[in-house]
Amino acid sequence: MIHSLFIINPSGDVFMEKHWKSVISRSVCDYFFDHQRKASSPEDIPPVIATPHHYLISVYRSSMFFVAVCTTEVAPLFVVEFLHRVVDTFEDYFSECTESIIKEHYVVVYELLDEMLDNGFPLATESNILKELIKPPNILRTIANTVTGKSNVSSTLPSGQLSNIPWRRTGVKYTNNEAYFDMIEEVDAIIDKSGSTVCAEIQGYIDCCIKLSGMPDLSLSFVNPRLFDDVSFHPCVRFKRWESERVLSFIPPDGNFRLMSYHIGSQSIVAIPVYVRHSLCLRESGSGGRLDITLGPKQTLGRTIENVVLEIPMPKSVLNCGLVTNQGKYTFDPVSKLLVWEVGRIDVTKLPNIRGTVTNCHFSALYF
Amino acid sequence: MLDSNKDNLKLEAMKRIIGMVAKGREASDLFPAVVKNVVSKNIEVKKLVYVYLVRYAEEQQDLALLSISTFQRALKDPNQLIRASALRVLSSIRVTMIVPIVMLAIKDAAADMSPYVRKTAAHAIPKLYSLDQDQKEELIQVLEKLLYDKTTLVVGSAVMAFEEVCPERIDLIHKNFRKLCSLLVDVDEWGQVVIINMLTRYARSQFTDPNLQDVDEDEESKRPFYEDENEVDEEQQEKRAPTLDPDHRLLLRSAKPLLQSRNAAVVLSVAQLYHHTAPRSEVHQVAKAMIRLLRSHREVQDIVLTSIAATATRRKVMFEPFLKSFFVRSSDATHIKLLKLEILTSLATESSVGIILRELQTYVAAHDPPFVAAAIQAIGRCASNIKEVTDTCLNGLVSLLSNKDQAVVAESVVVIKKLLQTQPSAHREIIIQMAKLVDSVTVPQARASILWLLGEYSERVPKIAPDVLRKMAKTFTSEEDIVKLQVMTLAVKLCLTNPKQTKLLCQYVLQLAKYDQNYDLRDRARFLRHIIFPADAESGGPTRLSKQAKKIFLAPKPAPVPESHFKDREQFQLGSLSHYINTKANGYQELPPFPLEAPDPKARDVETEPQVMEQAPLFTAKKVSSKKDSKFYSDTESPEDESEEDENSSDEDDDDDEEEEDSSSDKDEEEDDNEDEESSGLEEKLPKKVVKSNAKPKSDEEEEEDESDEDDSSSESVSDSDSEDESSEPSSVPKKQTRNAKPAKESTPVVKPKSNLDLLLDLDDVSPAFTPIMTPSLGGFLTPMSTPSSQVKTQLFPDIQV
């Protein structure tokens with residue numbers, strides 16, 4: 001199972017290490033750095049690296065590498081999934097997970113890691129439980145702690161660990177009982193040059209923020225559950241009930257969590273809400289190129305489209321963009337070569353448009 | 001600061017020390033000062049000292065021993081949290097001297113009342129094992145006990161310990177097999193992964209191959225089988241189904257809902273379970289869930305795609321409907337793109353190749369050199385796998401030869417070379433066109449390929465080949481090694497077919513090679529010279545070798561078969577580390593082949609006996625047992641029926657409920673395991689049953705309970721008796737419901753304590769909440785999504801007030 005964990009920042013410093021079994025020297029990370037050097041972008045580093053004695057399994061999140069070291073056979077996905085869970089937990093605790101945050105809270109981080117794994121095997125990974133074991137830091141508590149001398153480590157065992165509902169802490173009390181559900185849908189589509197859809201998929205999530213006292217047992221039914229043919233649930237959802245009745249029945253954890261996610265595959269027809277009309281020519285005269293993009297609504301069922309953001313990853317040779325928009329703002333990051341245009345709401349009468357020139361250095365041939 | 005008597009200062013000091021440890025700086029010289037604080041009353045200080053101890057105890061064994069007595073004391077602490085953490089730290093201190101102490105502690109903890117402590121004990125077993133291998137036998141005994149445990153909390157960890165300590169002792173699993181299957185859904189995610197992986201191995205060793213019958217029919221041609229599988233239909237499936245061992249079926253059935261887990265590792269482990277053990281007709285069920293994982297993080301995608309790529313080489317049909325999900329997105333990382341290409345090409349069939357080729361064409365225009373190269377190779381693979389499109393592909397590739405990008409041209413040349421080899425029919429124009437490219441292409445691999453082609457098919461282009469050789473001879477010295485070798489080959493081949501024009505050239509080239517820096521080249525030159533120009537060596541006539549030279553050099557060569565790199569991974573368990581890196585990892589457990597004869601399934605039946613022994617006196621004293629020993633699965637659950645009945649009988653006097661509860665507490669233990677199933681079962685069954693029992697006279701109920709007990713799945717029977725009870729008094733339904741639900745509720749969330757006292761303690765924790773898990777009144781659904789929050793509120797309040 002997981003032997004050690006190293007957290008590495010983008011410049012290649014190991015700034016945190018944790019060992020669950022005997023200590024492994026951090027020189028093992030050299031193998032990782034070798035691969036890092038070879039890869040053109042951090043995304044390209046293979047998640048599993050085999051070295052003579054160890055296996056390095058890494059994830060890349062918020063521009064840090066979390067490298068787990070294993071010595072024996074283990075399902076790689078198990079480790080990857082666990083590392084992501086670690087990052088999720090950090091994000092849950094500190095609201096974001098950056099190098100400076102981790103450095104600032106190294107004690108909490110260390111305690112968390114200690115609690116999450118025992119001898120390399122996951123022990124407590126539910127945030128509800130962890131929060132009972134180790135209180136998340138906040139300013140108020142820090143002050144209170146210094147005044148009263150109390151600690152942020154709880155002295156009692158979280159009862160959730162002991163019950164059949166390991167994801168919910170007991171004794172929750174709210175004066176206002178409320179539950180919020182967010183539905184998020186993402187459409188992934190590949191659209192060819194002529195504008196016809198090659199393939200499109202929907203990935204949807206139901207995120208909840210539930211603040212209810214006691215042990216609420218909720219059920220949620222859908223008007224047209226047939227649409228969900230490929231779903232995944234938070235462990236609190238009862239599988240059987242879903243299979244027989246298509247009703248989500250669950251005792252929710254306290255606070256924020258993702259109740260379910262669903263996937264509507266490429267077989268079904270997906271309506272894409274916007275279209276993009278573009279004319280892009282990166283090599284026109286000498287070093288300049290031309291860019292002209294117009295956005296328009298498509299199949300919106302009468303609703304307006306808001307908060308539209310357009311991102312265009314530019315080829316490496318592009319140096320800068322001089323563009324004019326009739327709506328919203330644009331930014332171009334010359335390092336990551338990403339052009340971001342924040343459009344906002346799409347007005348049907350005046351379609352948003354961006355046009356201008358693109359400067360690029362001219363050595364390699366470009367294909368778009 | 002550590003010596004100060006103020007906790008605050010100590011805490012601050014410890015925090016700094018831990019900070020040093022976390023950054024990987026050496027902090028071992030502080031060991032004596034830190035160890036003293038292990039007795040600290042302050043929990044936070046204590047915790048940090050523990051963390052420090054675990055890190056450095058190995059280096060300072062003698063000093064570490066000082067702390068042992070503290071842990072021993074803590075092991076007896078009434079608080080389970082303290083007991084557990086003491087055991088955790090004690091077992092994590094890697095000091096050989098304390099092995100006997102840890103052994104003792106583990107034994108005690110394994111019999112602890114608190115499942116949390118037992119879980120810790122399970123974790124401690126592999127730790128002790130890695131410290132001292134001699135303890136194996138004794139540890140296995142403890143482990144056996146823990147495997148019997150029925151708490152979801154413990155089971156996952158116990159199986160993990162089993163995998164690390166004695167994965168070869170498969171006999172320990174027999175009696176727990178059914179229990180593990182039924183608990184599977186409720187175990188924590190990480191435990192599920194371990195259990196499923198272990199059960200896969202178990203299934204491979206204990207059940208016969210479900211595909212055995214078809215193998216005979218389809219072995220020689222697997223493809224046809226897959227293709228008409230869709231038509232292969234119910235009857236054949238039904239014919240096959242009964243041959244599956246009921247336990248095998250149970251395993252597959254209980255794993256299936258886990259395909260909907262949020263944890264990718266769980267999903268993939270179920271997928272590999274199906275891949276390795278399920279009948280062929282059922283494997284495709286996992287495809288959809290695997291596709292869903294592709295929306296996850298990059299690392300997850302990578303690993304899942306690797307698994308799919310390996311599966312797709314053998315089970316095309318499974319992923320064919322999802323072809324479009326493998327289309328490459330421009331935002332994908334390069335290695336993911338490559339994997340997707342790999343999958344696309346292995347999925348290509350006559351019907352789908354058109355779409356795939358169109359996609360591949362677009363990919364060629366991308367600006368990611370390795371990806372473009374792979375796309376061109378993919379076109380080549382499609383072309384050679386599917387005969388119908390070979391010509392189209394070839395034409396497409398030829399048109400790529402005029403591409404502006406050197407790399408694209410070079411890659412196409414290499415691929416065309418391979419394709420031409422598989423198609424011996426004349427492609428004169430292509431060869432001529434390629435010959436022209438010699439002047440412009442600079443990539444050595446491509447130049448070498450062109451030269452080889454010219455040499456091989458020189459008869460078709462008799463005019464051009466010598467000319468090319470002339471050009472190459474001119475630039476010979478500045479070429480790369482790989483090109484030089486091919487120049488020599490070309491020279492020799494031409495020399496054999498067309499000696500008039502090229503003999504001198506050939507001699508010249510060989511002469512050049514003779515003085516090359518690379519000894520491979522010199523060797524090759526010497527070798528070729530002796531065959532072609534034997535006169536140089538000794539002034540005799542042509543040797544026997546040189547007579548055969550034509551046969552040697554111009555023999556027809558077998559065409560390369562482009563294959564997936566993932567073909568050879570079959571030997572490893574899908575989703576394992578070894579599978580991913582394609583070499584055997586440390587500690588990898590081979591997946592055994594299916595046995596021809598299934599081992600005796602009775603081995604798994606024995607499970608019931610020890611429990612019956614324990615439980616029998618308790619409930620026979622109370623009521624007539626309706627237990628049926630002939631059923632397998634019901635044994636664990638049947639005690640519930642008993643306890644339910646107890647509650648029913650005590651229905652009339654509410655006040656007695658509590659005491660009844662206590663006396664039947666031991667039985668309630670069992671209930672918890674199936675809590676989830678029960679509650680869902682209850683609600684499923686409710687509407688139907690109510691109608692039924694209402695129609696019946698009251699006296700029938702007892703009978704009906706017995707009948708329902710005979711039902712195979714006893715979770716249903718529980719709900720039956722419950723619902724009947726409630727409906728039996730329609731006049732006071734609402735009141736009754738809550739009262740009936742109460743005992744059930746109280747019993748459910750509590751985790752198997754061993755004694756009444758403990759039960760009470762635990763009840764204290766839980767009862768204020770009165771988890772309305774089983775309350776049928778909760779049937780109200782929050783229908784439309786539009787106003788969910790307000791609905792929830794109104795729905796919940798009555799329940800919470802219970």
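**Reading rings and a buried leucine**

Analyst: Start with a charge over a ring: the charged end of Lys337(B) sits over the ring of Phe371(B), 5.0 Å from its centre. The test is NZ of Lys or CZ of Arg within 6 Å of the ring centre and within 35 degrees of the ring normal. Arg55(B) also has its charged end over a ring, that of Tyr56(B), 4.5 Å from the centre. This is a predicted model, where local features need pLDDT of at least 70 and side-chain atom pairs count only at pLDDT 80 or more. Residues are numbered from 1 along each chain, and side-chain values use heavy atoms, without hydrogens and water.

User: How is a pair of aromatic rings described?

Analyst: By the distance of the centres and the angle of the planes. Rings of Phe, Tyr and Trp (its six-membered ring) pair if their centres lie within 6.5 Å; planes under 30 degrees apart are stacked, over 60 edge-to-face, the rest tilted. The whole structure holds 19 aromatic pairs over all chains. Phe177(B) and Phe207(B) have centres 5.9 Å apart and planes at 65°, so they are edge-to-face.

User: Are Phe177(B) and Phe207(B) buried or exposed?

Analyst: Both are buried, meaning under 20% relative accessible area, with exposed over 50% and partly exposed in between (1.4 Å probe, protein chains only).

User: Which residues form one aromatic cluster in chain A?

Analyst: Phe32(A), Phe33(A), Tyr60(A) and Phe65(A).

User: What is Leu56(A) in contact with, leaving aside neighbours within four places in sequence?

Analyst: Contact means heavy atoms within 4.5 Å. The partners of Leu56(A) include Val28(A), Phe32(A), Pro47(A) and Val69(A). Leu56(A) has 1% relative accessibility, so it counts as buried.

Conventions
Chains lettered and ligands numbered in written order.
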